[in-house]
Amino acid sequence: MIKNNNRRKFLRNLGLGVGAFTIVPRHVLGGNGFVAPSDKLTKGIIGVGVMGRGHINYEGEVVAICDVDTKHLEKAQALIDREIHVYEDFRELLAQEDIDVVHIATPPHWHGTMAVAAAKAGKDIWCEKPMTRTIGEGLAVQKAVNNYNRMFRLNTWFRFESIFYGMGVPVQPIKKLVQNRVFGWPLKITLSASTGFDWKFYWSGKTNLEPDPIPDNLNYNMWLGPAPMKPYSAERSHVKFRGYWDYDGGGLGDMGQHYLDPCQYILEKDETGPIRVEIDAPQQHPEAAGTWRRIRYTYEDGCQIILDGANRDKEAAFIEGPLGKLYPGMRSTIPDVIGLAASLQDPEPQVSSFSHSVRTRQKFALNEQNGHRSCSLINLGVIALRLGRNLDYDPVNQEFVDDHAANRMIHQPMRSEWTV
Amino acid sequence: MHKIYSTIVGCFLTCSVVSLAMAQEDMNIDTILQQFPARDMAHQTHLVDQLIQLGPDAIVTLGLGLKNMGTGDDNQQRLALSALAKAKKSPDELVTVETGFGQALREEIPIDGQMFLIEQLQSFGTDASIEVFQDKVKLLCEPSVHAIRQIRSSHSLDALLETYEEIDGYCRQAVVKSLADYNDPKALSLLKQIVTSGPASNSLTYDLALDGLIKHGDKSLIPILEGMLAENPTRAKALMIQLANVQWEKGLTTHQAEIAEIILDNSPTIAERTAMYQILCESHRGHTLLPQDFRRTSEDEALAMSTALEYCAEIPLDPYVDQIQRISPAAQVQMLQAIADRKFIPAIPEVNELLKSHDEEVQMAAIRALSTLEGEQCLATLRPFVTGNKPPHVVKAAAEESMRWIDSSQVFTLEKMYEESAVTGKVALLGLIGHRHWSELWTTVKSGLDDENADVRTAAYDILPRVSAGVPIRELTTVAPIVQSEHELEQLRYALQAKSRTVSSPDSIAIPLVETFGKSGRKLLEEILPGIGGRAGLEYIQEGDNLKPLMAWSTPEAIHTLMPLVETEGSEAYSEIMRLMRHPELTCEQRVLHLRKLMEIVESEQAQKDVLSAFRMSKCYGAFRYVTPYLKDSIMQMTAAESLVSIVLPPSGEQYGLTGVEVKEALMQADTILRESDNEYGNAFLDNYLSVMPLTGDFEALFNGQDLEGWQGLVGNPITRDTMYPIDLQRAQMEANGKVNESWKVEDGKILFFGDGFDNLCTEREFRDFELLIDWKIEKDGDSGLYLRGSPQVQIWDPYREDDTIGSGGLFNNEKHASEPLILADNPVGEWNNFRIIMIDDRVTVYLNGQLVTDHVVLENFWDRSLPIFREGHIELQAHTTPLQFRDIYIREIEVGPDLNEREINEGYVSLFDGVSLAGWVGNKVDYVVENGEIAIYPGLGGSGGNLYTEKEYSDFILKFDFQLTPGANNGLGIHAPLEGDAAYLGKEIQILDNSAEKYANLKEYQYHGSVYGLIPADRGALNPPGEWNSMEVSVRSNRIGVTVNGTRILYDDINRATENDTLDGKEHPGIQRTNGHIGFLGHGSEVHFKNIRILDMSEGTIE
């Protein structure tokens, strides 16, 4: 636990990284926090499967890629028309000095370990969602990012740009309305097909898998990394890893952060979490993620987020409060809610460009602090599902109340030499 | 119990009580095991309780059922074991379960199974399991070590230390990692031992041990790290700093100074120095290593200290602020940040001094600091920085900070500031106005748009789109004449476009523009209107000769105009059309019509593929029908397959996309084609949808594309036909059929009307409720229509044939209800249109080219207005003297609500379900709901989990209904049942079950669908697959029970005869004796749908 709040801010704005290698960011030296615009930021991408190859086009110039599958590396290289470094072991990529930002686009079971290692290596980090597979790893990433003064962002963005799924508008007008208590308090948010949010249950895992021969192009040991050693099956690796608890959290893990992060933002819960998670689901297989009917998060002040996977309540509003309701497409029980939102004061500005964040050392809108909190919602749900019971949670100490088995799932063992 | 007696009687000497007990236990374990996976939490707890009661032996049995991956199905065992492991257990229960797991691990279980058991033990293992874990370390090192570590007791630490000695190599890594979790000298001592003996002798564990020691903040590391300085100073210093941090977090403040001294003695970089200062000032605030002020500091020291100061709240700033003028500009910047952050008001005079610095960075930092310290009062000081001739970044900073204290109600202040500013000030202020979308400052912006200075103009035009939303259109039009360059015109265009998004229709912007500039400003309008789009603008543009604006049009009406240009203008028109195809306003049906037309025009293979590819956005049946045949074309099939998948798969947020057997078959073909491609994602989605998509919802073709099979001529009208003698009707029909060819023919897949009379073309079949799709085309002044249920009509005509412009799609012959379409949705006359017509009961809904034109309107009975529309009838294509074309006619019949056919009504059947409510039913009305004319059971809605029963009781009856299962579904039909208690035993249950589910592969024969549960087995093989509907008939007469599924009799027996010796399942069934009771649906936690429930009650008297 970090005792001094000032300390956190210091570490945030300092920009002077201290790590195992010499890394003061090339552009922050001697107090001149001003980057010449011609100084392009460079990036290295770890994990160049389908998602990772998309990262090639994000801001920053690719100078290195890394993957445990040589086929992925070939495909990625074909998309880049200049000389870059190509690695199989991410630790070698982290040792490359001229990389400013590391993009982590591997399956989630690697995110924690790689993010911490990248922070130690003095790199800024752009990490795919969900942030980490376990709550414990999330805490470790927060600590490392803080201790090493890195900038961290997650690859989801709805809290600061784009149309927020079924609502048909960006999050900003909704945030303004809520912030001004137009619907009252506390609020209940429902995420379901009727309110415009699809829980992708096709990411359910299969059981009774047959082991397959490991393809020549894949370093399976490195693909597994910290995950338990189990015989290889094509049904459980690339793309399909989402359906298995060892690597991810099913549909909840896939879309969870996109949907839930803006909800935490809207409900002003960025620095805390729920006190209770309740589920209604069939028993989950110990290895394969399955479907669930309903998950409900309750906060201390009475706010709730309901994930209605079965879409039973077709009349549900997206937001329901004592003074009014808000439906998809900004329909509301309150007249002219769009006009009202336009007239209200803007919320606190957020840094929505990661390169700006990196250059000025100001925290990005969606960083390791609030990102861990929204990712925790996913992990709380996953733990409740896997245990098959409702859970009480202490969001201050970030541990479960009176549930040993649940607490043992906060920090989960990692294989081999991998730590976090 | 019957069973026990017969067993004892059956085997005297060879049976023992033990085997008897085992047999019972086996039976019990199996029954429990079969119920996994549990349907919800309560069920899971219940099953776990039952298992625990069977003791550790049961767990061993489960463990023995585990298999290696790929050698068999052990899912239920895994589910059961993990439920046991994860459950909350009382101390006694914990002992039972842990003992069971431990015993199981001592049996011969395949290795994957052993690993599974150990993994499960990680969630609840205690010291009692340490021995077992230690035994398994050699075989399964990591899982076992992790399991020991999860216990986190002191015994577990001892075990780990012991284990370390007994193993070597990679296994030690797991142990060393685990030791880091124990805050215990014994653990630390081993870690230290590893570190001090150096990396060479412990290559696998050295780094992990070092990491672990650092996590503990152990001070004994300091000399070790100091020793590392010679070889690897950077790493050594970094680790030392990390150590200092960890200690600080743990509240240990005794050694930071020692570490600081070492680092500061060893050529620290700025970063290292700063980190140490910061740690020192937090832990040892007055320490001599920290510069006490800036009088004798080197540049590095000053910079590091000023950076550290920002966050050391404990150290007063005064001594440093006093000498702020001495230090380097870089350090000054940091000090200013510290002053601002800590809101150190006494520093204001120094800050003001620094405003005069020659260094831009310092100036900017001072501006920001002043703003934070003084708030609104800084405005006066900052004003000259905004309005004066300072460097641009300084001006910008001053403007930003000033704006913090001005809100949009102080427009006057800002206006004045702007007027007084030099170019840089104006530019900065305009930027900020734009950033905040302050349209209140329109006057200022406008003056910027008209300014002489190029930079100011640029700034103003840059923000024009951002303020336009709040500015009236008329005002925006006044900008047009002052525009001086291409770029400025472009910005105006964007602004008008942005404006048009805030109003309901682009016409409301286009029309005023045309009014103002129509005559003299054609060139200008040609630049601006394309971005706005809309019909009014398009009309205006079409009056001119210039095609360029058309090529840039932003809304899809332009496609009609562009299509003929593809042949003359070639690729530009084509690209523009393809771009517009993506427009969100374009409906699926309209897009399909356009793409079909385009496909006829383009010639190159690539263009054809592009067009076929563009179908992917269209998730409607018309797109599916058009694309599917291309699956057989060897060149186009890959493109067709990709498009097909997109067309069929559900849109985001919905569960199902297109459905039906035909769709599934096509999708499977597409799947085969795609498997050869590399599309990883596509296949995952596709596989899943194929396995869950409903097989209902097929359309059938009413027109085969070749001839008029299925169509006939018109005889009178439904009323007159009804009064004719059958033989007369037959004759008249034959006559009418003979004349059909005089006015109707088939050509190129289209039905053409070329006659000059009123001889409608009618379907041979009659239809009740349906969804109809049909494309039609007329010529100028054309007139036609669609007759539904043999009655007029859904209107088809030329909207411009008279002065009033009324489109097609209205129910023209209505007098009391709506007879005109809601909007004009017709395509230009001479082009194809598409109708989608839905008729349920007497209400009609019409979509014309995808747009709603008739909304659930009653179709009046033209032939006799005193009657409602007929319940069923022919569909007719109206002939009205003008030439007509029709193609692609598809229909899907809809079944809604309880539908007793005539025969059943005559026999005396009565509906038990009205299609809209649960009237007549009692019980669990929370999980059982009415939806789409069906009764659906969705478990887990919060209901008791109980059953749904009829209000009335029945003794003899024939019950008929339809049901649809989901995969693995389990329900049941209770008969002769009381309202409370288990209907299967207190009444009788006719099982409802998805026989095909894998998990039901090994049930007892009396557990399958249609069986009288536990008593009489039913035949299998009559059920349709889950997702399809089945019909079921259950007849009960005295003691005879009969069950028929999908027309096949699967059970018929006398219940007394079947149970005269004992019950098949060996249990007591008091319900056998009951001859009267409620009928019920017995929910067992699965989703099932029911409809068309009707009963012939024979409870009084008998019918043979």
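User: Which residue in E2(A) is the bridge partner of Ile46(A)?
Analyst: Strands here are DSSP runs (E, at least two residues), and helices are runs of H or I with at least four, numbered from the N terminus. In E2(A), Ile46(A) has as its bridge partner Cys66(A).

User: What kind of model is this?
Analyst: Residues are numbered from 1 along each chain as its sequence is written, with chains lettered from A and ligands numbered from 1 in the order written. Local features need pLDDT of at least 70 and side-chain atom pairs count only at pLDDT 80 or more, while totals for chains, interfaces and linings use all residues, as the model is predicted.

User: How many bridges join E1(A) to E4(A)?
Analyst: Strands pair if DSSP finds at least two bridges between them. Ile46(A) has Ile104(A) as its partner in E4(A) (residues 101-104). E1(A) and E4(A) run parallel, and the bridge count is 4.

User: Why is E1(A) largely enclosed by the rest of the structure?
Analyst: Buried means 20 or more other C-beta atoms within 10 Å of a residue's own (exposed is 12 or fewer, partly exposed in between), with C-beta atoms placed from the backbone. E1(A) covers residues 42-46, and it is largely enclosed because the buried share of its 5 residues is 4.

User: How far does H5(B) reach from its first C-alpha to its last?
Analyst: Expected span is 1.5 Å times one less than the number of residues. H5(B) (residues 75-86) has 12 residues, and its reach is close to the expected value, at 16 Å.
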